[in-house]
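Colleague: I would like to learn how to read a model of this kind, starting with the fold as a whole and then going down to single residues. Could you take me through it step by step?

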Amino acid sequence: MAEYDYDVLVIGAGPGGYVAAIRAAQLGLKTACAESRDTLGGTCLNVGCIPSKAMLHASEFYDAAANGAMEEMGIEVKPKLNLDKMHAQRLDAVGGLTKGIEFLFKKNKVDWKKGHATFQDAHTVKVGDETVTAKNVIIATGSSVTPLPGVEVDNDKGVVVDSTGALELPKVPKKMVVIGGGVIGLELGSVWRRLGAEVVVVEFLDKLLPGMDDDVRKEAAKIFKKQGMELRLSTKVTGVEVKGKKATLTLEPSAGGDSETLEADCVLVSIGRKPNTDGLGLENIGLETNQRGQIETDHDFRTKVDGVWAIGDVVPGPMLAHKAEDEGIACAENIAGQTGIVNHDIIPGVVYTLPEFAGVGLTEAEAIEKMGDKARIKVGKFPMMANSRAKTNHEPDGFVKIIAEAESDRVLGVWAIANVAGTMIAQAAQAMEFGATSEDIAYTCHAHPTHSEAIKEAAMAVQGKPIHI
């Protein structure tokens with residue numbers, strides 16, 4: 001009789017967890033995956049990345065038809081919003097993809113253990129009413145919405161909601177206040193703005209999109225204002241009171257000062273996410289979290305408890321599905337005795353608004369700090385309005401910015417605002433993974449006419465020699 005039921009038990013079936021489970025099974029390890037949801041795919045597939053993109057994409061079509069963009073191109077239509085049908089196509093996308101993960105589990109012989117998982121000891125986990133033993137346990141429980149102290153979210157009522165509730169609104173709110181000017185708030189705020197809501201974004205900091213390059217953050221404010229969003233920067237929310245179907249917010253300057261009130265039909269709380277480590281029974285295995293509630297690991301994703309590993313949103317680093325997936329693959333390979341590596345310096349981040357905002361590597365400020373002197377970096381920029389495809393498609397907003405080390409010309413960071421910036425950034429990430437110089441990118445032939453030519457021109461601009469500007 002085997003000492004353990006499984007070689008690997010993964011706790012959590014989000015992008016990191018299900019990928020880790022599939023990879024472990026591919027490597028010949030007997031694998032199970034515990035998941036408390038009724039469907040696989042975690043936050044990302046069920047209430048995050050995927051459904052939000054379904055609503056973003058649909059709302060872009062509606063906005064193009066309703067606000068003259070199609071008319072400019074000779075397509076005259078009068079759109080009628082069928083929100084129920086828009087929600088239905090979102091749910092259809094979610095259903096198809098979550099069932100796809102079920103199929104992949106069956107194909108790769110991964111056992112799905114349904115229920116909440118709690119450690120009994122380092123190799124014994126209770127999943128629902130069942131007890132499972134495993135030689136290796138991977139914690140991949142993801143993250144959940146960070147609550148705003150004193151503000152109660154009630155998604156069923158639909159007045160004060162989090163990102164999950166904001167996807168499910170049964171009608172377009174007249175006025176929506178988004179608390180937090182980060183990725184999730186701007187994506188979901190832009191969905192409802194396109195569908196007809198008046199949207200006000202309240203951000204504690206003086207710029208939107210913390211963590212992105214300053215040029216991108218400044219341009220983002222201009223773009224969202226132009227699209228009709230009201231931005232209240234350097235402002236904090238001190239309270240939200242709900243009466244019936246209305247909410248009254250109390251605001252004051254972040255630095256302190258006189259307070260004011262703001263009424264809304266819907267308030268979206270999107271101030272970030274926190275690791276899901278509560279209720280796992282970590283105390284039973286002597287595993288503590290750091291000050292941010294994260295589980296610390298070594299380079300190979302081992303925790304300090306032998307046989308227990310951790311990946312994704314529960315460990316330090318950006319809370320991104322693709323980072324979790326890469327860590328899942330690397331962790332499974334390390335368990336199997338191979339060498340699994342994730343280069344955490346090259347993880348792209350994307351905001352899927354229209355246009356999209358994307359970046360990889362260092363911001364200009366970070367590059368200057370790392371190099372110790374502004375003179376030790378070179379920056380090239382190229383505007384999308386000078387890119388023939390963007391101009392032809394009536395997509396003039398944005399630019400590509402490349403930051404390179406002055407002496408070696410090695411690319412340190414790439415930042416882009418363009419309608420397809422999320423797709424464009426993959427080229428930059430791959431170039432940086434290979435240690436490319438700006439000259440390498442500049443002398444690589446790019447297809448014409450494409451948005452990606454702006455990356456080539458920005459690379460040429462590092463040496464001061466772009467062609468089309």
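Colleague: Among contacts in the protein chain with a separation of 6 or more, what share comes from residues 24 or more positions apart?

Modeller: A contact here means heavy atoms within 4.5 Å. In this predicted model, residues 24 or more positions apart account for 62% of the contacts in the protein chain that have a separation of 6 or more. Local features need pLDDT of at least 70 and side-chain atom pairs count only at pLDDT 80 or more, while totals for chains, interfaces and linings use all residues. Residues are numbered from 1 along each chain as its sequence is written, and side-chain values use heavy atoms, with hydrogens and water left out.

Colleague: How many helices and strands does the protein chain have?

Modeller: Helices (H or I, at least four residues) and strands (E, at least two) are DSSP runs numbered from the N terminus. The protein chain has 14 helices and 22 strands.

Colleague: What percentage of the residues is buried?

Modeller: Buried means under 20% relative accessible area and exposed means over 50%, with partly exposed in between, using a 1.4 Å probe and protein chains only. By that reading, buried residues make up 52% of the 469 residues in the protein chain.

Colleague: Which residues of helix 10 are buried?

Modeller: In helix 10, which covers residues 364–371, the buried residues are Glu-364, Ala-367 and Met-371. They cover an arc of only 60 degrees around the axis, which puts them on the same side of helix 10; the arc is that of the directions from the helix axis to the C-beta atoms. The face turned away from that buried side carries the exposed residues Ala-365, Glu-369 and Lys-370. The buried residues of helix 10 pack against helix 8 (214–226) and strands 20 (377–383), 21 (399–405) and 22 (411–418). Just after helix 10, Gly-372 takes a positive phi of about 85 degrees.

Colleague: Is Glu-35 buried or exposed?

Modeller: Glu-35, placed in strand 2 (residues 31–35), is buried, with a relative accessible area of 8%. Leaving aside neighbours within four places in sequence, Glu-35 is in contact with several residues, among them Gly-12, Leu-40, Trp-112 and Lys-114.
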